[in-house]
Amino acid sequence: MLRVTSLHRLPRIPSFRQRHNYKLVGPPLRVAGDNDALSHEVLTTKTNAVTGEPMRIYALSGYVSCLYLCHYPERPGPNVVALDCGTPVDATRIAHFLRHFRDNDRRPIHGLGSSPDTAVDGVGSEGDVLAKSLALAVATHAHPDHCGAARVYRRQHGVPIAAPARLERYYAGWWGAAQLMSERFLLSAFAYMLGRHRIERPMMSRTDMCLEPPQVTTAGGALVDAYPRLQDGSPLPLGFHDWTAIACHGHTGHMVGLYHSAARIFYGADLIIARGKGRFAGPLPIDLPEEYLHTVERLRKLPVRWLLCAHGGIVDLDDVAGGWDYVLDEVAEHARTGALAPALRRVSLVSCLSTEPQVYDPRTERPRGPPRVEDLEPVPAYHLK
């Protein structure tokens, strides 16, 4: 006789319905649990000591990573920079946050109203908030949780994208397609481990990422890029020159971090994972191990007070015993020993599908083995002002 198992004993299967009923829950920042709970933290600082222009960095809980919005309240809108794009659905989270968040003075951050509790006239959808608030979005490297929403920002809302060179080549060819499929699966599995009750499809096009800079017409009638791609030492375009890109190769061969010299803030994307309680680790996977160690040793020359981690939130290095050097020692040791939990060792096998070792320019590769002091090029002089 066929026996039916009672429904309450069956394992919980996550829902795939794409409904968005977000609610702001306030600090502390926590990327786990309910999909619709938007927790956040705020870091207030200044762009420089001369003008004293205020700058606020909002850390928002995304699907599997922290989303960082840099807001310049004294500038006319659009005056918000997204330090990374996130997944395609993360764009709706940012839109909801821009629409509904109010600071201590009950003022919005979307820049469309100047009085407390001002209604957003002419904004009939969340997309309008993105178009009128975001001046620039950065895609630090080619993973779905960092550049997945670039197409949404650029194609649907006209937000300019700043991205490093060679990013589109990461998913080139059949091996690149296999890499993207495996990363989509791992991203969903990681979200399930974080307690996300609804799996959000991290769909992105590997052939049409919409990462090209907007084009402008010269006096001669030719179309040229409005700004170049991000390279080591290049400032962010469109007037946000207080942020500078730093090459952070290793996790991929093209990833960049963002550094604010006046506030000593470093956004390392996936370079460093903050595990909590003063523990830090390297990313998964590491496509170029020698390049990763080279990047870690090179960053020791960078004065950092605040560390923004895509996975782990905002870290005040004054509260970490040993400071910046301790953090780099931890991630370097993690990368050398490969001290991974058994369940995560299989994740590192994804790097075998990556085309990055073939795409990466052999002329710029470092000698194999531990990095030597004489091999470390200095950080760009722009940071040392």
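Me: Which order do the five strands of the open sheet with mixed pairing have?
Reply: In this predicted model, the open sheet runs β11-β12-β13-β16-β17 with mixed pairing. Strands are DSSP runs of E of at least two residues, and helices are runs of H or I of at least four, numbered from the N terminus. Residues are numbered from 1 along each chain; local features need pLDDT of at least 70, and side-chain atom pairs count only at pLDDT 80 or more.

Me: Why do β11 and β17 stand at the edges?
Reply: β11 (243-247) and β17 (313-316) each have a single partner strand, so one side of each lacks a neighbour in the sheet.

Me: What makes β12 and β13 a pair?
Reply: Two strands pair if DSSP finds at least two bridges between them. Strand β12 (residues 256-260) and strand β13 (residues 265-267) have three bridges, in the antiparallel sense. Leu 258 stands opposite Tyr 267 in β13.

Me: Why are α6 and α7 called roughly antiparallel?
Reply: Angles between N-to-C directions run from 0 to 180 degrees, and those over 145 count as roughly antiparallel. Helix α6 (residues 289-298) and helix α7 (residues 323-337) pack at about 170°, with their axes 10 Å apart; they are therefore roughly antiparallel.

Me: Which residues of α6 meet α7?
Reply: Contact means heavy atoms within 4.5 Å. By that criterion, Tyr 292, Leu 293, Val 296 and Glu 297 in α6 meet residues of α7, including Leu 328 and Arg 336. The contact of α6 with α7 comprises seven nonpolar, no polar and two charged residues.

Definitions and conventions. Heavy atoms only, no water. Parallel < 35°, antiparallel > 145°, perpendicular 65-115°, else oblique. Nonpolar A, V, L, I, M, F, W, Y, C, P; charged D, E, K, R; others polar.
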